[in-house]
Amino acid sequence: MNEIGTKDQEYEFIEQFNNKESEAASTDVTLPTKLYLLPLTERPFFPPQTLPLVLDDTHWVGTLKKISDAKSRYTGLILSKIDVVKDLKPDDMFIVGTVVRIHHPVHASGKIQFIAEGMKRFKIKRWLSKKIPYYVEVEYPVETAIKDELQNKAYTMAIINILKELIPLNPLYSEELKFFLNRFIPNNDPSHLADFAASLTSASKEELQVILEIFDVNKRLKKVVSLLKKEVEVVKLQAKISQDVERKLTEQQRQFFLNEQLKAIQKELGLHKDDRTAERDRFEERLHEIDLPEHAKTRVDEELDKLSVLETGSPEFALTRNYLDIMTTLPWNHYSKDKLSLKRARQILNRDHESLDDIKDRIIEFIATGALRGKIEGSILLFVGPPGVGKTSIGRSIAKAVGRKFYRFSVGGMIDEAEIKGHRRTYIGAMPGKILQALRECGTSNPIIMLDEIDKIGASYHGDPASALLEVLDPEQNKDFLDHYLDVRYDLSKVLFICTGNQTDTIPQPLLDRMELMHLSGYITAEKIEIAKKHLWPRQVKKSGLSRNQIRITEAAIRGIIESYAREAGVRNLEKCLSRITRKAAVKIVSGKAQKVSIGVHDLIPFLGQPVFQREKPLSGIGIALGLAWTPLGGVTLNIETSARKTKQPGYKLTGQLGDVMRESAEIAYSYVSSHLEQYGANKNVFENTMVHMHIPEGAIPKDGPSAGITLATALLSLAKQQKMHRAIAMTGELTLTGHVLAVGGIREKIIAARRVNVFEIIMPLSIKGEYTELPRHIKEGLKVHFVEHYDEVYDIVFG
């Protein structure tokens with residue numbers, strides 16, 4: 001890039017340029033064959049145009065100096081294909097442009113401004129300088145004139161008529177047309193008329209460049225007529241849009257003025273109330289319909305007085321109005337009447353749920369105590385069980401049974417205590433907590449509120465929602481529950497809270513102590529079959545739009561689905577499988593491939609694919625024992641395997657992704673068996689110079705807990721004695737170093753897991769015999785259970 005020098009030198013250059021322009025104006029100079037180029041980015045420059053142009057002096061002051069040095073006032077304006085003019089290459093510019101005469105250049109504030117007078121089209125023949133300043137050799141192609149005068153006149157009149165349509169739509173066209181007519185006569189110069197008309201349009205720069213590159217005047221006129229017609233449609237559409245907007249604004253202004261006049265008239269007649277008065281009257285009308293406690297009424301009166309003096313446009317007015325809106329829509333001292341019929345409650349529970357007799361009995365007991373007192377006080381129940389066993393649905397059934405409104409929300413993943421106790425009113429967008437929102441939606445102060453997934457509640461720097469629930473779920477405290485938004489005590493003692501979770505380990509102990517715990521264990525196969533027949537299958541058939549005559553499924557097929565595709569403790573996957581079957585059956589019936597569909601055992605693979613689960617068989621052999629374990633998803637069986645190899649470093653190792661508690665159980669089992677080998681008929685030196693390997697299969701699944709203690713000891717004894725178990729026996733129990741067998745949990749789930757693999761003989765700790773006795777009869781049916789206090793009894797049962 002060429003530099004000019006100091007500012008004084010630059011202004012001197014401008015003065016010299018203007019002097020040379022005056023000299024050139026006195027003589028008629030022919031157009032030069034070599035030109036310096038100035039690129040344009042927005043649209044091309046046409047010969048009949050005379051317009052001011054502004055350039056950045058950073059790049060182009062050097063080019064103008066070159067033009068001055070060449071004693072020429074002509075330059076070439078060329079359109080750039082890209083929008084950035086810095087470091088342009090020849091390929092970035094079109095080859096046809098317009099030579100212009102430069103008038104009155106002015107250099108100020110980092111810009112160069114001059115008036116460009118269009119002269120003639122040129123075409124680049126050769127690039128003499130491909131960098132700034134661009135310098136080219138050009139030619140001036142001859143324009144092909146129209147020989148037919150009638151055709152010339154027709155095109156000219158067509159363009160003039162279209163311009164007449166455009167002028168009323170945009171006054172700017174009129175000024176440019178006057179300037180053009182002062183320089184040219186349209187009928188005598190159709191070429192300039194076409195260029196002028198094209199320059200008026202809002203066409204894209206590429207379309208205008210096409211016009212510039214047409215040297216055949218006849219073709220150019222045709223192209224311009226087409227562009228002008230398009231421009232007329234665009235301008236008409238713009239005018240219509242503007243008129244529509246103005247009409248709407250005018251109508252809105254008219255309505256506003258009329259409304260203001262109407263308000264003024266109504267105010268004079270005493271018929272109109274301003275916004276503040278109307279809001280206050282609305283809230284006072286609500287207050288007559290609710291029974292506010294004295295402390296709440298005092299707060300509402302204070303807020304109403306504040307509302308009366310606030311400006312309606314102030315933010316404080318909106319905050320106060322929202323607060324009063326919530327205060328006056330809460331169901332203060334409004335309670336629904338409880339339905340305390342035990343017979344009705346039993347019918348609803350039996351209709352909605354199969355099995356779960358122990359849970360139903362607890363609920364009936366709960367309703368019975370309420371019937372004696374004439375009302376059900378607020379209580380806190382906690383349903384714990386695997387997914388899909390009906391924890392949420394049984395909460396709905398309780399609400400139906402006692403005739404209360406039901407509201408459910410999940411606290412799983414909740415990390416902000418404000419979700420429970422509300423936001424303080426100082427925050428923008430503050431709202432009351434979920435508890436008060438539930439009461440407001442239900443319209444009563446004694447609904448049943450279900451807090452789902454309470455074992456998955458979170459905590460963060462925002463606060464601890466579990467701690468906030470301590471006040472909500474404490475019968476001694478929730479009668480004076482204080483929401484941060486309301487800042488007024490509210491009585492929650494009549495609300496029945498039901499919480500659900502998959503396990504109790506992650507629930508904080510202070511919160512757990514406030515709830516009455518009810519376990520919902522998994523279902524055995526027989527129970528799942530009944531649930532599928534009475535509830536799941538009819539529901540899915542109805543959802544699919546089929547009738548019972550169009551589709552049927554055999555009990556054997558349902559059993560096959562349970563055993564091969566849906567072996568979890570609950571029935572959620574079972575319902576998904578049934579839904580998949582009804583959808584595929586619907587496709588067959590709608591497509592005409594079948595009128596009725598019957599699903600038997602052999603039809604499961606076409607409908608559901610290959611089985612997910614294979615039929616389990618307990619492993620048998622030397623060093624193998626079958627244990628039972630509890631997981632949040634239900635009970636499972638554990639095939640514990642042991643092996644030994646001679647080594648110079650005796651000991652043991654554990655595999656199978658075991659937790660710390662289970663590893664300690666393995667250490668205890670190894671120590672106990674090693675010290676009692678001779679007592680149990682094994683070689684006392686069998687583990688000397690021997691590495692014992694204990695493995696629990698399905699290594700991708702984490703395992704933990706103390707209940708595998710006696711199972712690990714049995715597997716080690718089997719290995720030491722080289723004697724396998726006489727029959728399939730499952731066992732569970734914690735082992736101590738002295739051989740005592742301690743109690744473990746999850747008995748029902750473990751029994752269901754044993755039944756699932758057709759094992760009906762189980763060893764359990766004597767201390768849980770009472771818990772076993774309370775299990776439903778159908779779960780205990782066909783089982784042979786041994787209750788033991790010491791491992792000696794386990795040895796006698798297994799190896800005796």
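From α23, the residues I710, A713, T714, L717, S718 and K721 meet Y791, V794, Y795, V798 and F799 of α27. By class, this contact of α23 with α27 comprises 8 nonpolar, 2 polar and 1 charged residues; Ala, Val, Leu, Ile, Met, Phe, Trp, Tyr, Cys and Pro count as nonpolar, Asp, Glu, Lys and Arg as charged, and the others, Gly among them, as polar.

This is a predicted model, in which local features need pLDDT of at least 70 and side-chain atom pairs count only at pLDDT 80 or more, while totals for chains, interfaces and linings use all residues. Residues are numbered from 1 along each chain as its sequence is written, and side-chain values use heavy atoms, with hydrogens and water left out.

How do the two helices pack? Helix α23, residues 709-721, and helix α27, residues 791-799, pack at an angle of about 55°, and their axes are 11 Å apart. That makes α23 oblique to α27 (angles under 35 degrees count as roughly parallel, over 145 as roughly antiparallel, 65 to 115 as roughly perpendicular and the rest as oblique).

I turn now to strand β1, residues 34-40. Of its 7 residues, 6 are buried (under 20% relative accessible area, with a 1.4 Å probe and protein chains only), so β1 is largely enclosed by the rest of the structure. Strands pair if DSSP finds at least two bridges between them. β1 pairs with strand β6, residues 135-139, in the antiparallel sense over 3 bridges, and V136 in β6 is the bridge partner of L35. With strand β3, residues 74-79, β1 pairs in the parallel sense over 4 bridges; here L38 stands opposite L77.

Terms used. Axes are lines fitted to C-alpha atoms, for helices over the stretch in contact, and angles run from 0 to 180 degrees between N-to-C directions. Contact means heavy atoms within 4.5 Å. Buried means under 20% relative accessible area, exposed over 50%, partly exposed in between (1.4 Å probe, protein chains only).
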